[in-house]
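Let's take a walk through this structure together. Have a look at the picture first, and then we'll go through a few of its parts.

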Amino acid sequence: MKLIRLGLVAAVCAVTTPSKAQVRRDCADDARDHLRCLQTEAMARGKATWGHWGLNPARYTGWTKHSNRLVPIYTFGLSLDQVAGRQSVYRSRARLEALYGRLPEGTLNPQAEYFDQTEVYRLQKQAIAAGKKYVVLLIFDGMDWRTTQAAAVYAGGQVYESGRGSGLSFQDYRGVETDFGYFVSSPLNDKTKADVDAQTVINPGGTIPGGYDFRRGGSTPWEAPPDPTYLIGQSLEHKQAVTDSAASATAMCCGVKTFNDAIGVDGNGRHVVPIARELQEQGYSVGVVTSVPISHATPAAAYANNVWRDDYQDLTRDMLGLVSVSHREQVLPGVDVLLGAGWGHEGLLPDGQGSNFVPGNRYLTRDDLEQSDLEHGGRYVVAQRTAGTNGAKLLATAAERARRGKHRLLGFFGVRTGHLPFQTADGRYNPAPGVAMTAEFYSDADLEENPTLAEMTQAALDVLGENKRGFWLMVEAGDVDWANHDDNLDSSIGAVLSGEQAFQAITDWVERNNCWEETAVIVTADHGHFLVLDDPAALIPPERRPQQAAPTSAAGEQ
């Protein structure tokens, strides 16, 4: 479904808290925007009866970092039978010791239904071994079970309290065999230091070990954890590392546990090969699509190697097949499609990027862009945000040229803050204020000159689909994480719905090509945050509420 973009975008940019009377007036003026009103009011009052972020129910904004909550996963065209339940690594002492290099305290659970994040890599390998030609990994960065529940209750108008749930297309889709489960996202360790220029690890093992103590964190993602402080790394009795996106994406794409901040390397800094490159060597095409900068942790881990996630320019070089600090002599082939944001985001200081940092764009240097451009002898048809030009049409034209000419495709878009415009819950682009008490504002040009994540996904599928051998594609709805870091439920739900539209673009492509027998789609997240919903029914817009929004029993659970 095509989004209707509205040029009249409201902004809440005050640096002081608005009065309660002002909030009431704002909500009365825009009564249709239910989630924006809830978010704005919660920020103004400092609390909300329906939920909060963090451990303190009396404070709406109480935690802006990650958590180690169990992460939901939805599969299409393959099951979880070989990794979950009795097959779980968390039921085996020997397998856990091999996974972590030791047996973390409280991690062995003979009744574990959950599995490990590294098994997402194994699932992709199993799909290929079973004859799948098309593998798609859709990652909603930062979307834990509660975030999913919030978006589903808002979108579907029904409350559920456990299981798979319903209300979102990836929960409800039944066009092919589907399964649901959840996994541990713990890293190998935290606080490992590295030398970016030398590409070496300084203190292997870090200072905080990983693991998952189910006695404190819980055995399902929907239950109240026995020790919520444990899940955010604040337990005084048992502290284990809370994951970041780099370690998580490396686990899913490479099948190994590693330290926070690592991209495609193990705990000692040795390069590991992501499944995208394994398949590329076998003749598959590979693509990466993201709503955030092209070389942020999740998209970068799909293909690159680096001991430090913030070495953005070098990570982009790996993805484009250029000489980088980690591949000085044996340059990587580069991805076939790279679409994302970061356009217009300038950086004058290295900020952890090493001595070869080039002032200018923080993610893609001018020289690297020119070297990659087909017009200058490179291998990529380049589409980048252009003043006065519709971004969706610009990208579609470039994709068609790449498809017809059997070229690669590079798309570079975004707003000045580095990402695509944030869609809010009601489908508009008018974010409410978050933790900083400011809200992003988008001009008409910002909305017109950028494609959506779904439009990027469609372009990638059109180009990659030309390879009859098959393809591997990662799509990241990265703005879910950005919204959750901001304790902003309106933007968070909007980001989930933006990713849902990308999922619909994927299923539409599969159905149009009648190739579900040859396709595997995995929908998941890389880590959690800490949203607590005390009254999920309050998220349902009044006009869509049933007479009784009573909890249902594990709606749609497999």
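Before we start, one term: two residues are in contact when they have heavy atoms within 4.5 Å. Also keep in mind that you're looking at a predicted model.

Let's begin with a pair of helices. Two packed helices are described by the angle between their axes and the distance between the axes. Here the pair is α14 (residues 391-405) and α16 (residues 453-464), with axes that come within 9 Å and cross at roughly 10 degrees. Angles under 35 degrees count as roughly parallel, so that's what we call α14 and α16. Who touches whom? On the α14 side you'll find A392, L395, A399, A402 and R403, and they meet E455, M456, A459, D462 and V463 of α16. Sort the residues of this contact by type and you get 7 nonpolar, 3 charged and no polar ones.

Now hop over to helix α12, which covers residues 312-320. Is it buried or exposed? Since 9 of its 9 residues are buried, α12 is largely enclosed by the rest of the structure.

Last stop: the largest pocket, with a volume of about 710 Å³. Its lining has 31 residues, and K65, H66, V242, T243 and D244 lie nearest the centre. Helices α11 (297-301) and α17 (479-485) each supply at least two lining residues, with α17 giving the largest share, 3 residues. By type, the lining splits into 12 polar, 10 charged and 9 nonpolar residues.

Key
Residues numbered from 1 in each chain as written. Predicted model: local features only at pLDDT ≥ 70, side-chain atom pairs only at ≥ 80, totals over all residues. Heavy atoms only, no water. Buried < 20%, exposed > 50% of the residue type's maximum accessible area, 1.4 Å probe, protein only. Helix = DSSP H or I, 4+ residues; strand = E, 2+ residues; numbered from the N terminus. 1 Å grid on protein atoms, 1.4 Å probe; cavity = no way out; pocket = protein on both sides within 12 Å on 5 of 7 lines; lining within 4 Å. Points joined across faces, edges and corners; volume = space filled by probe spheres on them. Nonpolar A, V, L, I, M, F, W, Y, C, P; charged D, E, K, R; others polar. Axes fitted to C-alpha atoms, helices over the stretch in contact; angles between N-to-C directions. Parallel < 35°, antiparallel > 145°, perpendicular 65-115°, else oblique.
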